[in-house]
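I opened my notebook beside the viewer today and wrote down each thing as I looked it up. Here are the entries, for anyone who likes to follow along.

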Amino acid sequence: MSQPVTIAVDALGGDAGASVVLPGVEAALSEDASLSVLLCGPEEVVVPFCASHERCEAVVTTEEIAMGEHPAQAVRKKKDSSLVVGCRMVKEGKAQGFFSAGSTGAVLTAGTLVIGRIKGVARPALCTVLPTPTSDVVMCDVGANADCKPEYLVQFAQMASIYAEKVLGRENPRVALLNIGSEEAKGSQFAQTCHALLKEQVPNFAGNAEGNDVLAATFDVYVTDGFTGNVCLKTIEGTSKALFGAIKGAFTKSPLTMLGAMLVKGGLRELKDKVSSDRMGAAPVLGVKGACMVGHGSSNEIAIKNGIHAAAKTVRLQVSELIAQAVSSPAVSGKIDKSE
């Protein structure tokens, strides 16, 4: 039997809100008998649902943070929003993890300000598992920190390595710095400084990676600043969507191509499912106390379910605790300026 875990869930998160969150919660509860959910949202949404579902408790809130709001201002102003209250449940120890498909910026802000960052972590980072045709890989940071110091990337590498080892089961994962060339001296001054620090301080650092190494899964972990990581992630997601759209268009051009589509339909569906972000469900905010997970705004109920499962798995594998142990090392903490 799995370890009992309680996850706070934002009932209003995502473009479709409760219409997909509620079925996702129901599916997650059905698949995991050791899971409990604190469902945060308006009374008319959460109370009836929780009344008919075991292991689901309603946490009534009166405010909502919309996708277009300024993240920091919204988190500070709307203290009774479903997103902020969900993070507060983790802060108060009523839940071990939080999941929302709402505003990524708001989840990052609430995770840092409300749940709190782990002592010794200079900057929490948004980490994602990228599904590729060969194997899953980890990228960090993908949007939390647009401007970075080289020292931050050392911690990103350490935190992402722990996530890859525990969640993906990669023993001694190979870490690479995303750069414009594989040679050590390639890239900007920032990239070259990052390379030197990673080589010195991260035992499993394997060198530079180019953009074409990501989907080839040449390495297990790709570390970069949040600006570059977010552009890379969105490019991959956009390319995947455009490519499958183009394939669909090509196969529906004529009766002959439609016949061909029938022959390869199963294989294409299998490939599409394999590289779909719905399978991952959520990206963790690494460096905060507890599991703080953010899903795509366009999440469907399958992605919501998998995002909740990802939060529970992160708690059970003690990822936050392992990160705390890693960054408390004098060899690491002495090199990071945590005063900012």
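**Entry: helix H4**

Which residues in H4 are buried? I found Ser82, Leu83, Val84, Val85, Gly86, Cys87, Met89 and Val90 buried in H4. My cut-offs for burial: buried is under 20% relative accessible area, exposed is over 50%, and partly exposed lies in between, with a 1.4 Å probe and protein chains only.

A note on provenance before I go on. This is a predicted model, where local features need pLDDT of at least 70 and side-chain atom pairs count only at pLDDT 80 or more, while totals for chains, interfaces and linings use all residues. Residues are numbered from 1 along each chain as its sequence is written, and side-chain values use heavy atoms, with hydrogens and water left out.

What covers the buried residues of H4? I listed strands S1 (5-10), S2 (35-41), S3 (56-60) and S4 (97-100), along with helix H3 (71-77) and H5, as included in the cover. The element names come from DSSP runs numbered from the N terminus: helices are H or I with at least four residues, strands are E with at least two. Just after H4, I noted that Gly93 takes a positive phi of about 80°.

**Entry: H4 against H5**

I looked next at how H4 (residues 82-91) meets H5 (residues 104-116). Their axes come within 9 Å and cross at roughly 35°. The axes are lines fitted to C-alpha atoms, for helices over the stretch in contact, and the angles run from 0 to 180 degrees between N-to-C directions. I recorded the crossing as right-handed, which is to say that the near helix is turned clockwise from the far one by less than a right angle.

Which residues in H4 and H5 meet? On the H4 side I have Leu83, Val84, Cys87, Arg88, Val90 and Lys91, and on the H5 side Ala106, Val107, Ala110, Gly111, Val114 and Ile115. Contact here means heavy atoms within 4.5 Å. The residues of this contact divide into 9 nonpolar, 1 polar and 2 charged. In that scheme Ala, Val, Leu, Ile, Met, Phe, Trp, Tyr, Cys and Pro are nonpolar, Asp, Glu, Lys and Arg are charged, and the others, Gly among them, are polar. A reminder to myself: an α-helix has 3.6 residues a turn, so residues three or four places apart point the same way.

**Entry: cysteines**

How many disulfides are there? The count comes to 0, taking a disulfide as a pair of cysteine sulfur atoms within 2.5 Å. For Cys40, the nearest cysteine sulfur is that of Cys87, 9.0 Å away. For Cys87, the nearest is that of Cys292, at 4.8 Å. Cys40 is buried at 0% relative accessibility, and Cys87 is buried with a relative accessible area of 0%.

I found a cis peptide bond from Cys140 to Asp141, with omega near 10°. Asp141 sits in the loop between strand S6 (137-140) and helix H6 (150-167).

Asn172 has phi near 50°, positive in a residue other than glycine. Its loop runs between H6 and strand S7 (175-178). Is Asn172 buried or exposed? I have Asn172 as exposed, because its relative accessible area is 56%.

Gln318, not a glycine either, has a positive phi of about 55°. Gln318 is in the loop between helix H10 (301-316) and helix H11 (319-327), and counts as partly exposed at 45% relative accessibility.

Thr128 lies in strand S5 (residues 125-130) and is buried at 10% relative accessibility. Its C-alpha atom is 6.8 Å from that of Pro284, 156 residues apart along the chain. Beyond four places in sequence, Thr128 touches Val137, Val138, Met139, Val142, Leu233 and Ala283.

**Entry: the chain as a whole**

I counted 12 helices and 11 strands in the chain. The radius of gyration, taken over C-alpha atoms, is 20 Å, close to the 20 Å that the globule rule gives for 340 residues, so the chain is as compact as a globular protein of that length. The rule is 2.2 Å times the number of residues to the power 0.38. Of the 340 residues, 51% count as buried.
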